[in-house]
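Here is a short note for a colleague who is opening this entry for the first time. Please read the points with the structure in view.

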Amino acid sequence: MNNFAAILGRLNTSAIPKDKMTLGAGVSIVLVTLAVMVFLTVTKRWKWLWTEWLTSVDPKKIGVMYIVIALLMLIRGGSDALMIRAQQATSVGASHGILTANTFQQVFSAHGTIMIFFAAMGLMFGLINLVIPLQIGARDVAFPFLNLVSFWLFAAGMVLINLSLGIGEFSAAGWLAYPPLSELAYSPGVGVDYWIWSLQIAGIGSLLSGINFFVTIIKMRCPGMTLMKMPMFAWSVLASMLLVMFAFPILTVSLALLALDRTLGMHFFTASGGGNPMMYVNLIWAWGHPEVYILILPAFGIFSEVVATFSRKRLFGYTSMVWAIGVITVLSFTVWLHHFFTMGAGADVNGFFGIMTMIIAIPTGVKIFNWLFTMHRGKIHFGVPMYWFMGFIGLFTVGGVAGVVMSVPPADFQLHNSLFLVAHFHNMIIGGVVFGYLAGINYWFPKIFGFKLNEKLGKLSFWCWFIGFLVAFVPLYILGLMGATRRIDHYSPSLGWQPLFIVAAIGAGIIALGVGLFVLQILVSIFQRKNNMDYTGDPWNGRTLEWSIPSPAPFYNYAVTPVVDDIDPFWKSKQEVGHKRSTKIKYEPITMPKNSGLPIIIGGLSVAFGFGMIWHIWWLSIVGVLAAIVCVIVRTSGDEHEYTLSAKKIEETEKYYADRKLTAAKKGLA
Amino acid sequence: MSQNLSTENSLQLSSQDLEKDSKIQFGFWVYIMTDCVLFASLFATYAVLHTSTFGGTSGQQLFNMHNVLAETLLLLTSSFTCGLGILAARAKDKQKVILWLLATFLLGLAFLALELTEFRHLYVDGNGWTRSAFLSAFYTLVGTHGLHITIGLIWICTMAARVYNAGLTKTNARQLTLLSIFWHFLDIVWIFIFTIVYLMGALGK
């Protein structure tokens, strides 16, 4: 056994995974990381990476870093999905598929966890960072340093969850790790601990981001932008961040209590000692259901921007849109029990939550109609973001109706834990959340990088996602109705399920092609960027403030703080005939936050802390926490966190953009 | 008094500083609200589990109300001294600020010592956190408050050191306000613990 228990805790050579597939994945991650490091060293880019990116407090750069990690995690979680589909398509009768039962359980647990916490949340916070300050006419977020800390806590969680591939194992208890299965008695390994600590650390990052963007939107809107003149994306983010503030502390508590059970032998959710596993299920879904809306509301916001811009029309029913978001925000805390109608809360309680679930579909329906009416009599331009929007409208409505079906408790007793449910929530999360964020990336990409994404590949990618989705998930609806439960790793051929599982696997392959084409779209666009430059700063004939400044947006965002008096201020200014900006603008110096290396150090210390907690290496956790406290004290003791950007520098930068625009216009004429 | 007034007038807060102050204070209140949700979840957990003694001792038999009364008085007094510290900061009296911060620190430390003594007694008598779900919930709820107090004590120390070194600068004055919000918040949470855990526990509710 381990002779170094005091130093290494539970960690010993048996932590190297025995499963070839897991080991292979772990080794390939290490190799890719090494290759990237060699590339950085050979091209002498370390210093550039450190000063321009890793320590940058510019929300636009933080946003790009979030999205890079989220796309990597989308590929990682997507690989897990392909393995699940391959297993279920082949593991029938005498064949037991490509994975052992235990590996299969780890794979589906990792798939759900990574997709929600690291792919979807990453894309969401990435887009929020990119767009929110620009859209509300601000130069930065309320707390730039804290924003970078949030990002590095997110990254630390990501590192921990991926460490489980190479060191030890991952949780085999599903993406929400229900006790008593996730308790020490039934999951004695480190898997559930990896799950707990990677989510705990990333979750605290999300909570801090939630506070940060809530304060940013409340306090930092430009003059004239009253709440009811805010762009719809800003509204949806405000609501989503409010939900983060109320829901994430509950996640923190749920995870902490499970960790106390497992680490200190407490009895919150154990089967013995008076513990109550049902309380965990209540707590986790009191976070989990609002989380669904945390993810989807910003996607709604993106679609509201896209549909108005690409229909060349003001968003239909702005006020009702705002109220719909408000109602969804409040109601999202009153439906959590529909995730476990079968747990035995009784007919009255089930009835209440069933009805609340039906009611929450109404404001969502209002939004669907508003979007359709926005298109009605609009001059619709079918750019790539609009493709994603059209796909969303169809898929999301169908998925929503499937959800209303399950909100009826007697129906849910039949459909609970079946593949029908799996098909339903993928319908919402792929058709709603993922399509929304991909639309957002296509829409705002030029504002951040200064060139548009390739249209052709974007549309191809969309069709792969859309068709792939239908091929992958329609069979799951049918299988669910036939009685196939989720997470099965083996079934009898007599059930006749295999053909449908094979079709679903093909669908997953088509979606994977869509992911590949999306990555290709970005790469091709980078190589051909000369052909797609956006010199005007307004590639889509936009409506909101962010399109009024050059692309890529200067690091200080706005040289002069804008003043607005309309929901679509930029559109309005374009309509005013003879409107010309006064040529001589007086620039003033701007106070900007300084970059800081402390957040990445805090992130690293969090990894050390989490790793220590997982493997019971107590000294490492203690050192990690104490050092992080020292970091906070160092930071708060200093005073010089800002510098002043001179008016001359701003004038030079602005002139560069103006000249560039002028040359491009002349070339266009010639 | 007149001297105080004149220093207050001479202190020039630009509009940028005021904006920053309001942003940071609002952000801190929002953080306090999220901490409220955290404690609310722990209170709910305790409410669900407080009768799950698993054949062990209940709160009624365990709680030493003299100890709890002493803890309460210590913490309430520390909130008072913390408030006096803020008044001293308004009056730009650096020495008094440090003095009151030290008083707050000592009272907080005494509170923490009493709490840990209570925990030790319970543990030694075989009523550790592994005994029952009720005790798990008890240690976790009261302990989380204690953990916050510990963080507060570290903050008070560093705050006092900063005021000693740099005086009542804009940054220090701002952080003092946040510290006092934090400390008063912990006092309020304690009142709830006092009522729900101890008083209602002693009554056997």
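1. Contact means heavy atoms within 4.5 Å. In chain A, residues 24 or more positions apart account for 83% of the contacts with a separation of 6 or more.

2. Some ground rules. This is a predicted model, where local features need pLDDT of at least 70 and side-chain atom pairs count only at pLDDT 80 or more, while totals for chains, interfaces and linings use all residues. Residues are numbered from 1 along each chain as its sequence is written, chains are lettered from A and ligands numbered from 1 in the order in which they are written, and side-chain values use heavy atoms, with hydrogens and water left out.

3. Overall build of chain A. Its secondary structure comes to 20 helices and 2 strands. These are DSSP runs, numbered from the N terminus: helices are H or I with at least four residues, strands are E with at least two. The C-alpha trace spans about 75 × 55 × 45 Å along its principal axes.

4. Burial and surface. Of the 670 residues of chain A, 57% count as buried. Buried means under 20% relative accessible area, exposed over 50%, and partly exposed in between, using a 1.4 Å probe and protein chains only. Chain A exposes about 26,800 Å², and carbon and sulfur atoms supply 71% of this area. Accessible areas come from the Shrake-Rupley method with a 1.4 Å probe; for residues, only the protein chains shown count as cover.

5. The interface. Together they bury about 2,800 Å², with 72% of it on carbon and sulfur atoms. Lys219(A), Val253(A) and Phe268(A) supply 15% of the area that chain A buries against chain B, more than any other three residues. Buried area is the accessible area (1.4 Å probe) that two parts lose on being put together, summed over both.

6. The loop between H6 and H7 of chain A. Helix H6 covers 144–166 and helix H7 covers 191–219, with Pro180(A) in the loop between them. A cis peptide bond joins Pro179(A) to Pro180(A), with omega about 0 degrees. Ala177(A) lies in this loop too. Its phi is near 45 degrees, a positive value in a residue other than glycine. Is Ala177(A) buried or exposed? Ala177(A) is buried, at a relative accessible area of 0%.

7. The loop between H16 and H17 of chain A. Pro552(A) sits between helix H16 (498–527) and helix H17 (569–575). The bond from Ser551(A) to Pro552(A) is a cis peptide bond, with omega about -10 degrees. Asn541(A) is also placed in this loop. Asn541(A) is not a glycine, yet has a positive phi of about 60 degrees. Asn541(A) is partly exposed, with a relative accessible area of 28%.

8. His148(B) is in helix H6 (residues 133–166), and is buried at 9% relative accessible area. Leaving out residues up to four places away in sequence, His148(B) touches Tyr31(B), Asp35(B), Leu38(B), Phe39(B), Phe182(B) and Leu186(B). Thr77(B) is in helix H4 (residues 65–90), and is partly exposed at 35%. Between Thr77(B) and Leu49(B) there are 28 residues in sequence and 32 Å in space, C-alpha to C-alpha.
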